[in-house]
Amino acid sequence: LGQDIFQFYLPIYGHASGLSASAIGAILATLAVASFIVRLFLARLVKRVMAEKLLAWAFFTGAIGFALVPLTGNAILLALIAFFFGLGMGLGVPLTVILMYSRSTEGRSGQTLGLRLTANNFVRVTGPIVFGVAGTALGLPPVFWINAALMACGGLLSLSQQDQSKKAG
């Protein structure tokens, strides 16, 4: 949901900041490029760093990206923020699939991944509604900051899972 909200609200924020459609498109392109680049190195990263730690990094990167957007209206700075955000978010989906598959009970990986897909689609439908209400009531910056807080919580949860994995292993 984080990437969806970012891609939805960044153009609105960019327009409100006076950026052209081309500048906003270029900013979103940097996010896509970063997501692609980080996935090229995903296998090597997973071999070197525990998946939970990488997932925490992805969440914290997302939190930083969300928190920084409302602090600037400059296209170049927003592109740098979007690139940084994309590095983290590019890891999120593949890592959650890897973790869910590896932690599912033998013979139940399809059910586990189906549940993940169901939850993901539910959040993709309800998230924009919730953040639309928040944006209407509070304005655009709080939408980014609320998402930053949610991402930071996700990072902390991922770190706590890493600690539990170390104790169990």
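Predicted model: local features only at pLDDT ≥ 70, side-chain atom pairs only at ≥ 80, totals over all residues.
Local features were considered at pLDDT of at least 70 and side-chain atom pairs only at pLDDT 80 or more, whereas totals for chains, interfaces and linings use all residues. Residues are numbered from 1 along each chain as its sequence is written, and side-chain values rest on heavy atoms, with hydrogens and water left out.

Helices are DSSP runs of H or I with at least four residues, numbered from the N terminus. Two packed helices are described by the angle between their axes and the distance between the axes. Helix α1 (residues 2-16) packs with α2 at an angle of about 155°, the two axes being 9 Å apart. Helix α1 is therefore roughly antiparallel to α2, a label given to angles over 145 degrees. Here the axes are lines fitted to C-alpha atoms over the stretch in contact, and angles between N-to-C directions run from 0 to 180 degrees. The crossing of α1 and α2 is right-handed, meaning that the near helix is turned clockwise from the far one by less than a right angle.

Two salt bridges are present in the structure, a salt bridge being a side-chain nitrogen of Lys or Arg within 4 Å of a carboxyl oxygen of Asp or Glu. One joins the side chains of Asp-4 and Arg-124, with an N to O distance of 2.5 Å. This pair links distant parts of the chain, since Asp-4 belongs to helix α1 and Arg-124 to helix α6 (residues 109-138), 120 residues apart. Asp-4 is partly exposed at 27% relative accessibility, and Arg-124 is also partly exposed, at 40%; the term covers values between buried (under 20%) and exposed (over 50%), with a 1.4 Å probe and protein chains only.

Arg-103 and Glu-52 form a salt bridge in which the closest N and O atoms are 1.7 Å apart. Because Arg-103 lies in helix α5 (residues 75-103) and Glu-52 in helix α4 (residues 51-68), the pair ties together parts 51 residues apart in sequence. Glu-52 is buried, with a relative accessible area of 6%, whereas Arg-103 is partly exposed at 44%.

Val-33, Phe-36, Ile-37, Leu-40, Phe-41 and Phe-83 make a nonpolar surface patch of about 540 Å². Such patches comprise nonpolar side chains joined within 5 Å, from residues with over 30% relative accessible area and no salt bridge; areas come from the Shrake-Rupley method with a 1.4 Å probe. Helix α2 (residues 21-40) gives the most to the patch, with four residues. Phe-41 lies in the loop between α2 and α3 (42-48) and is partly exposed, with a relative accessible area of 38%.

How values were computed. Patch = residues over 30% accessible without salt bridge, like charges linked within 9 Å, V, L, I, M, F, W, Y side chains within 5 Å. Helix = DSSP H or I, 4+ residues; strand = E, 2+ residues; numbered from the N terminus. Parallel < 35°, antiparallel > 145°, perpendicular 65-115°, else oblique.
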